[in-house]
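Please look at the structure before reading on.

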Amino acid sequence: MSRVSQVFPQARVVHPIEQESFRRLRARLDTSHFAPLTRAVVERVIHSAADLDYADDLVMDEGALERAHAALHAGAPVVVDVEMVAAGITRRDTVCRLKDAESGPGLTRSAHAIRLAYEEVGPGALWVIGCAPTALEELLTLHADPALVIGLPVGFVGAAESKAALRESGLPAVSNVSEKGGSAVAAAALNALLYHPVSKSKEKT
């Protein structure tokens, strides 16, 4: 049964240290050529990792981000692969079924958790995968009709390959080309959409 995530609509107070961090980021990297939501994701991912190379490593489509942004702010469920991703998303309830999952022949615990989560939320969710390539691989087999897949798993085994498969799937997605990624950057990409005002995402529509 589909579950609607709890939304926290109160205004977000930006700490002065975060404001200064973004000022320094923009002083070192011109992001003004990016479309609004793409820029928001790129900047927040870079901010989370202090890694300017993400500006050239991330892959996303502005139109897909606009539709995902609308779904997110309408209360679409948010599913994460691990609790570390959930911990980084502070303004939305998330679904994580890793504690309930079990590994088996040909199935990792992370992959089983994705199956369980899909059984819970159904189609139309936003999926945030920042740890396990096998979680992303499993999601691609489920025909989950996601609002967005933030696929940023990290590692030397399967991470780049799973992200390439995500791009080839044609699903609305945020991914990156390299092996790097992780829970913090995956959560940051989702937070960029959460923090971006609803009205601004509609300026070009």
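The sections below treat the model, the sheet and the cavity in turn.

## The model

This is a predicted model, in which local features need pLDDT of at least 70, side-chain atom pairs count only at pLDDT 80 or more, and totals for chains, interfaces and linings use all residues. Residues are numbered from 1 along each chain as its sequence is written, and side-chain values use heavy atoms, with hydrogens and water left out.

## The sheet

Five strands form an open sheet in the order 1-5-4-3-2, with mixed pairing. Strands (E, at least two residues) and helices (H or I, at least four) are DSSP runs numbered from the N terminus, and two strands pair if DSSP finds at least two bridges between them. Strand 1 (58-59) and strand 2 (78-80) are the edge strands, each pairing on one side only.

Four bridges join strand 3 (residues 126-129) to strand 4 (residues 148-151) in the parallel sense. Trp127 has Val149 of strand 4 as its bridge partner.

## The cavity

A cavity is a set of points on a 1 Å grid, over the protein atoms alone, where a 1.4 Å probe fits but cannot get out; lining residues have an atom within 4 Å of a point. There is one cavity of 30 Å³ or more. The largest cavity holds about 30 Å³ of space, a volume being the space filled by probe spheres set on the points, which are joined across faces, edges and corners.

Its lining includes Val79, Val80, Asp81, Arg97 and Ile114. Helix 6 supplies the largest share, three residues.

Conventions
On a 1 Å grid over the protein atoms alone, a cavity is a set of points where a 1.4 Å probe fits but cannot get out, and a pocket is an open set with protein on both sides within 12 Å along at least five of seven lines; lining residues have an atom within 4 Å of a point.
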